[in-house]
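Biologist: I am new to this structure and would like to learn how to read it. Could you walk me through a few features, one by one?

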Amino acid sequence: PLWMGADDRFFFNKYLQTDLIEFRRRGSRSQPGSQPAIDPYILPCIFGMLEIKPTRFKNTPLTLILISRRSRYRGGTRYFTRGVDEDGHVANYNETEQVVILNDSSSGLGGFAGSTDMQSGKFGASAGQEMQIMSYVQTRGSVPTYWSEINSLRYVPKLQVRSTEAAAPAAVKHFDEQIRIYGDNYLINLVNQKGRECRVKESYEKMVEALVSGPREHHEADRLTDEKFTTIQPGSKQQLFDRLHYVYFDYHTETKGMKMHKAYALVDKLQEALAAQGYFRGVDTPANVDGRIDARSLQTSVMRTNCMDCLDRTNVVQSIFGRHVLDRIFEQAGLMAHGSSFRDEDPAFEHIFRNIWADNADVVSSSYSGTGAMKTDVTRTGKRTKVGALQDARIGVTRYYLNNFRDGPRQD
């Protein structure tokens, strides 16, 4: 049944369904035993974002989909819910999946048509007409240590960070689950290296150093900043947590003065990891009788991105990773030349891509902070604008009011 196959992390209405689930499993006094007839009434819902865009790229029809699912654990609003809980669940945890479907059937997400000639190594419109699904998954979530910000009517609340040792068991549970589900985790940390956010950065780095074997820390600097990148890599592959790879990027310093293109340095830094990570590619072949997708390649690791709220900076960087992978998909599908980008190849598709990611930013932000996201002018237009900066100021004031005066009842 649908509800039994649902990912428990994202079965957002599960608590509301508990009476039905209990009845399904045990029945009642008058009807003891399992009650499979109740299955159709137990409907799992996700809380998040789903956008499906049937469109074209350079005259090739395709469907672009973005799905974000918010975890039902560690639920709550921005300043009331930070960091990790003792069960290993982090605040504002979302899984985002970007999907491209080539040769989509007219009935939606199912069906197939055409040949199975996939021997050329290329795929796409030139390789028969099988429906093909290419999917790329990313996650976001709060820094998995014990930290909090207490509302005090100040615009920037006071930050409290507990020791690494206290949070270690919770972080172990968190990363144990993340590695089991996604494989290697690239921990992309975007908080500020100076000011109040520095303490959260330091607690995250101490946690990673405590978990991995023989941690090797490396700093990169340039004329702009004395800490452009910091990476922490395991010195060996002895244990489970050596599948954690920490990458710090000083987003605000690097993009200062509306130089948003500098965030693409992350893609350059992680070029090899992104290539090895790959993406899911499945083909719906005509020989398939059981409706299953024939998986031709799998994604082997995940980018886990965070800033302080896991909203504004996080979404910009996730859209950059999504763009890079989509470029590679189109390349390997034979839809554009090696090394090119769909940004230059098809402005209409570029517009759709930008807006679907900006919509995602607004939806994820609304559930946590009460407003749409900041920096969506970057996602929608590709550059920082003065109008966008004014819009962010308005959002900042609105968040201040909501977080201080409205989030208490909302949290309850």
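Predicted model: local features only at pLDDT ≥ 70, side-chain atom pairs only at ≥ 80, totals over all residues.

Biologist: Is the crossing of helix 8 and helix 10 left-handed or right-handed?

Modeller: Helix 8 passes helix 10 in a right-handed crossing. To see who meets whom, find Asn315, Gln318, Ser319, Gly322, Arg323, Leu326 and Phe330 in helix 8. Their counterparts in helix 10 include Phe349, Phe353, Arg354 and Trp357.

Biologist: Let's stay in helix 8 and pick Thr314. Is Thr314 buried or exposed?

Modeller: Relative accessibility is the value to read, and a residue under 20% is called buried. Thr314 has 0%, so Thr314 counts as buried.

Biologist: Which residues does Thr314 touch, apart from its neighbours within four places in sequence?

Modeller: Those contacts are Arg140, Leu190, Thr305, Asn306 and Cys307. With Cys307 there is a polar pair too: a polar atom of the Thr314 side chain sits 3.1 Å from the backbone nitrogen of Cys307.

Biologist: Cysteines make me think of disulfides. How many disulfides are counted here?

Modeller: A disulfide is a covalent bond joining the sulfur atoms of two cysteines. In this model the count is 0. Take Cys310: its closest cysteine sulfur belongs to Cys307 and is 5.5 Å away, which is too far for a bond because the cut-off is 2.5 Å.

Biologist: And how accessible are Cys310 and Cys45?

Modeller: Cys310 is buried, at 0% relative accessibility. Cys45 has a relative accessible area of 35% and is therefore partly exposed.

Biologist: Now for strands. Which strands pair with strand 9?

Modeller: For pairing, follow the bridges from strand to strand. Strand 8 (residues 216-220) is joined to strand 9 by 5 bridges, running antiparallel. Strand 10 (residues 244-249) also pairs with strand 9 in the antiparallel sense, over 4 bridges.

Biologist: Why is strand 9 described as largely enclosed?

Modeller: Count its buried residues: 4 of the 5 in strand 9 (residues 229-233) are buried, so the rest of the structure largely encloses this strand.

Technical notes
Residues numbered from 1 in each chain as written. Heavy atoms only, no water. Helix = DSSP H or I, 4+ residues; strand = E, 2+ residues; numbered from the N terminus. Buried < 20%, exposed > 50% of the residue type's maximum accessible area, 1.4 Å probe, protein only. Polar contact = N/O pair within 3.5 Å; in protein donor to acceptor, adjacent residues only side chain to side chain. Contact = heavy atoms within 4.5 Å. Pairing = 2+ DSSP bridges. Left-handed = near helix turned anticlockwise from the far one by under 90°.
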